[in-house]
Amino acid sequence: MFKIRASFIIATIMLKATISFGQDTIPPLVIDQSAFTLFPDTLAQKRLLNSLNGFLEVKNNGSASNKYIDPAYLKKNIEPFQHIQDIEMNGGKSFFNPTLLCVIPLEDKSLLLKLAFMGVGEVDKTPFLRVIASLIAKKNDDGYYFYNALDHYTRSWNRLTSGSINYIYPNRIDLNKARAMNKFNSAFAKKLNTPVPKITYYKFEDPEQMFKTMGYDFIENMYASRVGGLAQYWNNTVFAGNDSELYEHEVVHFYTYIVFPKGKKNVHEGYATYIGGSGGKSLDQLLPLDKSYIDQHPEQEITELATDFYPHTPDVQLTYVLSAVVCRDIETRYGMSGIKKLFNPAEDDDYFANLKKITGVDKNDFPQYIRKLLTQKP
Ligand SMILES: [Zn+2]
């Protein structure tokens, strides 16, 4: 999965050093001077702005209660605006102000809007762009409803069903890989003793095409990795930015987020990486890079590397890989019952306390345990 959360944390730390204060309230919408060049009707503009301001005011409370989102649309996707929730915020304060850049009328009478969230540091006046988001607006009886731009951008894309997988893709499809993805989905359902979920699978050439098609002309982290993807586990949708029909890592998340809701994030990512690799590489292909990082940085605490999600290594975070070798060791020695325990810690147990109960390895001995696993042949 993409490193969005980790990068937001880094950005927050960086910005804290450069700004002295922010606001608690949602900042007012700024209208770019050429925003309405293609949409000159001032009455229609007023109607649109009323709805857009209403939408922005309540968007951070989640889409389900937002009356500016079509309820019929929410039946398909309960959270279509995940990536712009709390997007104004930095360190608990509102910092990134929304600007309406343009309104483009489309053939079907809907509107394509481009919305930027930008901030300027108080101390050194450094400008920060957090996102340029594309939204679709459609007229209703009272004003406008807002939609994620994904359906608009993929309206003429190809579609193909391979068993339980519904592919949506811009160019060509590798049927062998599509069949392999379907086979994996069935086999993994059997392993976890659950029904086989139907999966919507968007295939993109790279992360840039992925984010643009999802409605983000720019978003933090868009260029942080050359491979990777995202998953919306609430509607079994894969966004594969790796130009591949086969993406076991993200599919594993659909199961584990549902079956193991109490699981810690490093265990979710570790298990998905153990089963499906990450960034287009299998766990065994990832190991040498991570081992050499640890060898070259003896000053770094391995217990922190296994839990901090910091991008120490390019493309695939070290935390994924360290957690993955632990998952492999536990599944090999204790089978699925060990994995279930790993995903279900007792209320007060952190990752290491839970691990000790399963493997007997104490937190103090964890670095040695990891070094052994990194050199072990599966
Ligand atoms: Zn993941």
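I count two residues as in contact if their C-beta atoms, placed from the backbone, lie within 7 Å. The model is a predicted one. With that cut-off I looked up the range of the contacts: among those with a separation of 6 or more, 61% join residues 24 or more positions apart.

Overall build. I find 13 helices and 13 strands in the protein. The radius of gyration comes out at 23 Å, close to the 21 Å that the globule rule gives for 378 residues, so the protein is as compact as a globular protein of that length. Along the principal axes, the C-alpha atoms fill a box of roughly 70 × 55 × 35 Å. I also looked up burial: 34% of the 378 residues are buried.

Core. Which residues have the most contacts inside the largest nonpolar core? I get Leu 135, Phe 146, Val 238 and Val 321, in a core of 76 residues. Helix H11, residues 318–343, supplies the largest share of this core, with 11 residues. I then took Leu 135 and set aside its neighbours within four places in sequence. What remains in contact with Leu 135 is Leu 113, Leu 115, Phe 146, Tyr 147, Ala 149 and Gly 215.

Helix pair. I turned to H11 and its packing against helix H9, residues 283–296. Their axes are 10 Å apart, at an angle of about 120°. The two helices are therefore oblique to each other. The crossing of H9 past H11 is left-handed. On the H9 side I note Leu 283, Leu 286, Leu 287, Asp 290 and Tyr 293. These meet Leu 318, Val 321, Ala 324 and Arg 328 of H11.

Backbone angles. Most residues other than glycine have a negative phi. Asn 236 has a phi near 50° and sits in the loop between strand S12 (229–232) and strand S13 (237–240). Phe 309 has a phi of about 55°, and its loop runs between helix H10 (302–305) and H11.

Are these two residues buried or exposed? I take 20 or more other C-beta atoms within 10 Å as buried. Asn 236 has 21, so it is buried. Phe 309 has 20, so it is buried.

Notes:
Residues numbered from 1 in each chain as written. Predicted model: local features only at pLDDT ≥ 70, side-chain atom pairs only at ≥ 80, totals over all residues. Core = buried A, V, L, I, M, F, W, Y, C linked by C-beta atoms within 7 Å. Buried ≥ 20, exposed ≤ 12 C-beta atoms within 10 Å, placed from the backbone. Helix = DSSP H or I, 4+ residues; strand = E, 2+ residues; numbered from the N terminus. Rg over C-alpha atoms; globule rule 2.2 N^0.38 Å. Axes fitted to C-alpha atoms, helices over the stretch in contact; angles between N-to-C directions. Parallel < 35°, antiparallel > 145°, perpendicular 65-115°, else oblique. Left-handed = near helix turned anticlockwise from the far one by under 90°.
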